[in-house]
Amino acid sequence: MLTREENELLTRVVGDAPMGQIMRRHWQPICLLEEVPDPDGTPVQARVMGEDLVVFRDTDGNVGVMDEYCPHRGASLVLGRNEEGGLRCLYHGWKMDVRGRITEMVSEPPNSRMMDAIKHKAYPVKEWAGFIWAYMGPENDVPEFQPPAWAPTADVKLAVAKVLLPCNWAQVLEGAIDSAHSSSLHSSDMVPAEVNSAKATGSVWLRPSTDKAPRMQVERTSYGFRYAAIRIPTYGADVNDYVRSTVFVAPATALIPPNNLYNVANINVPIDDENTAFYFIAWGHPDNVPSTQDWRVFLRQTVGVDLDERYRPLRNKENRFWQDREAMKAGNFTGITGFPNQDVAMWVTMGPIANRSRDKLGSSDMAVVAFRKRMLAAIREFEEQGTAIGTLDQAIPRDVCAFQAMVAKSADWREHPVRYVWEAVEEVNDASVAPSYAVGKDA
């Protein structure tokens with residue numbers, strides 16, 4: 001458990017909070033490319049670490065990420081006119097380009113020098129892997145954008161589901177790195193089977209183990225940590241362990257053990273102290289990764305069906321997350337469709353910020369404990385030395401990835417050779433489990 005003071009340090013990100021300042025030393029996803037597809041299109045509102053932002057694509061296709069509120073009198077630029085190379089405030093016609101430079105002040109005299117003296121807050125921007133990224137740290141020390149571990153090259157295909165959650169980023173992250181819960185919470189969707197490795201179908205993910213109480217081992221690293229959940233396999237248990245190794249990439253990314261077809265990750269972006277933008281990602285070879293539409297159907301995270309037009313879930317605590325008790329009686333463990341929705345129900349019902357001083361932790365919580373200790377230590381290092389975890393020479397090496405495998409009992413999982421999943425469908429050993437993401441199938 002944590003003290004209340006430690007919990008505050010871990011969870012708070014707004015303003016001068018040290019955790020938020022660490023996050024600002026990393027490039028942050030602001031929104032999806034799909035939200036700002038067209039030059040001179042509708043501006044988008046975003047909120048990251050307590051800052052209200054406006055995102056827009058100008059006439060030439062350049063993207064701007066700026067303070068939402070006009071520097072003149074504070075009206076929202078989300079309502080502004082996106083035209084002729086800039087965003088124009090409706091109130092008095094001030095116009096700003098993607099760099100925050102004031103290009104027109106139609107309400108001021110032609111000889112006014114105000115335009116040269118004022119610059120609106122705008123952040124450096126990068127488009128990569130289906131996201132708009134921005135660097136929100138010190139403007140005099142902007143690091144070069146480095147592709148994330150879940151989109152290392154431009155030829156990687158991604159499918160992304162986005163959902164805005166009414167809870168703190170840390171409890172979402174703790175759920176992502178907690179391998180033990182999947183054997184219970186997701187047991188109707190991640191099904192034990194007589195297979196030699198994790199397999200993906202269009203309706204379930206198959207696993208070669210019935211073991212609900214994995215042994216946990218953690219390896220601390222400069223960028224966070226990697227750990228193994230070690231289970232008894234469904235066959236070959238006399239010589240092998242079934243190992244699922246997750247990678248925590250500070251401050252808020254999890255590389256989740258893959259299946260046979262594609263890799264899995266999530267990134268959690270704090271909207272503020274009590275809200276989080278959760279992105280769940282499948283990535284890998286273009287032949288294997290489902291389309292974004294099919295991925296969202298599979299996860300039950302489709303806009304207009306499961307989410308409103310602003311990516312907010314229609315399932316909530318008041319409607320019991322659409323839980324089906326009859327399905328539970330028939331054998332479904334949770335009665336909640338879409339395994340991310342099962343996670344969401346757990347995270348949200350903890351409250352806006354989970355009270356970790358009340359936790360009663362066991363051996364299966366080793367990764368959660370490691371996360372808390374690692375990030376509290378990172379805060380101390382940042383306050384004492386100014387170094388943000390996972391940056392510069394502490395960044396994750398390109399050869400580190402999550403994995404799942406049968407590992408000989410005599411071997412050390414830390415030394416097991418791994419690479420991210422990258423084979424075309426015809427090269428996958430078991431073609432019978434190639435994905436067939438069909439609308440209407442229960443996940």
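I began with the cysteines of this predicted model, and looked up Cys167, which counts as buried because its relative accessibility is 0%, where the cut-off for buried is under 20%. I then turned to Cys401, which is likewise buried, with a relative accessible area of 8%. When I looked for disulfides, the count came to zero.

Next I looked up the nonpolar cores. The largest one holds 102 residues, and the members that touch the most other members are Val55, Trp150, Tyr262, Trp295 and Phe371. I noted that helix α9, spanning residues 366–385, gives the most to this core, with eight residues. Another core, of 14 residues, lies apart from it, and I listed Cys70, Leu77, Val78 and Val98 among its members.

My last entry concerns Arg231, which I located in strand β17, residues 224–231. Is Arg231 buried or exposed? I recorded Arg231 as buried, because its relative accessibility is 3% and the cut-off is under 20%. The side chain of Arg231 makes a polar contact with the side chain of Ser183, at 3.0 Å. Leaving aside neighbours within four places in sequence, I found that the contacts of Arg231 include Ser179, Ala180, Ser182, Arg207, Ser209, Asp211, Pro214, Asp241, Tyr242 and Arg244, as well as Ser183. I also checked Arg215, which is 16 residues from Arg231 in sequence and 6.7 Å from it in space, C-alpha to C-alpha.

How values were computed:
Residues are numbered from 1 along each chain as its sequence is written. This is a predicted model: local features need pLDDT of at least 70, side-chain atom pairs count only at pLDDT 80 or more; totals for chains, interfaces and linings use all residues. Side-chain values use heavy atoms; hydrogens and water are left out. A nonpolar core is a set of buried Ala, Val, Leu, Ile, Met, Phe, Trp, Tyr and Cys residues joined through side-chain atoms within 4.5 Å. Buried means under 20% relative accessible area, exposed over 50%, partly exposed in between (1.4 Å probe, protein chains only). Helices (H or I, at least four residues) and strands (E, at least two) are DSSP runs, numbered from the N terminus. A disulfide is a pair of cysteine sulfur atoms within 2.5 Å. Contact means heavy atoms within 4.5 Å. A polar contact is a pair of N or O atoms within 3.5 Å; within protein, one must be able to donate a hydrogen and the other to accept it, and residues adjacent in sequence count only if both atoms are side-chain atoms.
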